[in-house]
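Here are my notes on the model you passed along.

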Amino acid sequence: MSTTDPGTSVHFRLQIDGIDLGPFNTCTGLGVEVEVERRVEGGNNDFVWQLPSRITYPAVTLTRPLTADSARVTQFLASLPQQVTRGTAQITALRPNLSETIVQWSLRDVVVVGWTGPSFDPSRSEVATESIELAHHGFL
């Protein structure tokens, strides 16, 4: 496979302040939005001024089935009540072999704002999953 081929099956590795939390199957929320203020100028009927203002970043959520790496997340979460600090996170998109990097995003001022563990229901046959949600102040 050529290194210029797009990733058809992608995994995401999450690291927060150098702590590797392992690979995840899905990653949602990577994005940026610039809020726009509209201003009407008297005598100008051709257009309305659209002035960029605040930049917002949605929360990023990574999800995966439970694996042995889930223990890493539990250990990381156990330290949160002692010190909630903003750090740096790296999300790396990997090919299915988990060793070839496609692209990497670095997020600044990251704080874990949520974790959802598996729901166990014996009447349903589903894969047990976990999700971790990160708030951040932009890309590095």
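The points below go from the sheet to the helix, the salt bridges and the surface.

1. Ground rules. This is a predicted model, in which local features need pLDDT of at least 70 and side-chain atom pairs count only at pLDDT 80 or more, while totals for chains, interfaces and linings use all residues. Residues are numbered from 1 along each chain as its sequence is written, and side-chain values use heavy atoms, with hydrogens and water left out.

2. Seen as a whole, we have an open sheet of 7 strands in the order 2-1-7-8-9-6-3, with antiparallel pairing. The edges are strand 2 (19-24) and strand 3 (26-28), each of which pairs on one side only. On average, neighbouring strands here are turned by 35° against each other, direction ignored. Strands are DSSP runs of E with at least two residues, helices are runs of H or I with at least four, and both are numbered from the N terminus. Two strands pair if DSSP finds at least two bridges between them. Axes are lines fitted to C-alpha atoms, for helices over the stretch in contact, and angles run from 0 to 180 degrees between N-to-C directions.

3. Strand by strand. Strand 1 (residues 11-16) is joined to strand 2 by 4 bridges, antiparallel, and Arg13 stands opposite Pro23 there. Strand 7 (residues 87-94) and strand 8 (residues 101-116) run antiparallel with 7 bridges; Ala89 has Leu107 as its bridge partner. These two strands form a hairpin with 6 residues between them, and Leu98 in the turn has a positive phi of about 65°. On to strand 9 (residues 129-135): 5 bridges join it to strand 8, again antiparallel, with Trp115 opposite Ile132.

4. The helix. What does helix 1 lie across? Helix 1 (residues 70-78) lies across strands 1, 2, 6 (60-65), 8 and 9, and runs at about 140° to strand 2.

5. Salt bridges. The whole structure has 9 of them, counted when a side-chain nitrogen of Lys or Arg is within 4 Å of a carboxyl oxygen of Asp or Glu. I'd look at Glu130 and Arg64, which meet at 2.8 Å, N to O. That pair links distant parts of the chain, with Glu130 in strand 9 and Arg64 in strand 6, 66 residues apart. Are these two residues buried or exposed? Both Glu130 and Arg64 are buried, where buried means under 20% relative accessible area, exposed over 50%, and partly exposed in between (1.4 Å probe, protein chains only).

6. Other charged pairs. Arg108 and Asp109 form a salt bridge at 3.5 Å, N to O. Arg108 counts as partly exposed because its relative accessibility is 33%. Arg124 and Glu126 form another, with the closest N and O atoms 2.4 Å apart. Salt bridges that share partners also join Arg13, Asp20, Asp69 and Arg72 into one network.

7. Phe120. This residue sits in the loop between strand 8 and strand 9. Why does Phe120 count as exposed? Because its relative accessibility is 67%. Leaving aside neighbours within four places in sequence, Phe120 is in contact (heavy atoms within 4.5 Å) with Leu66 and Ala128.
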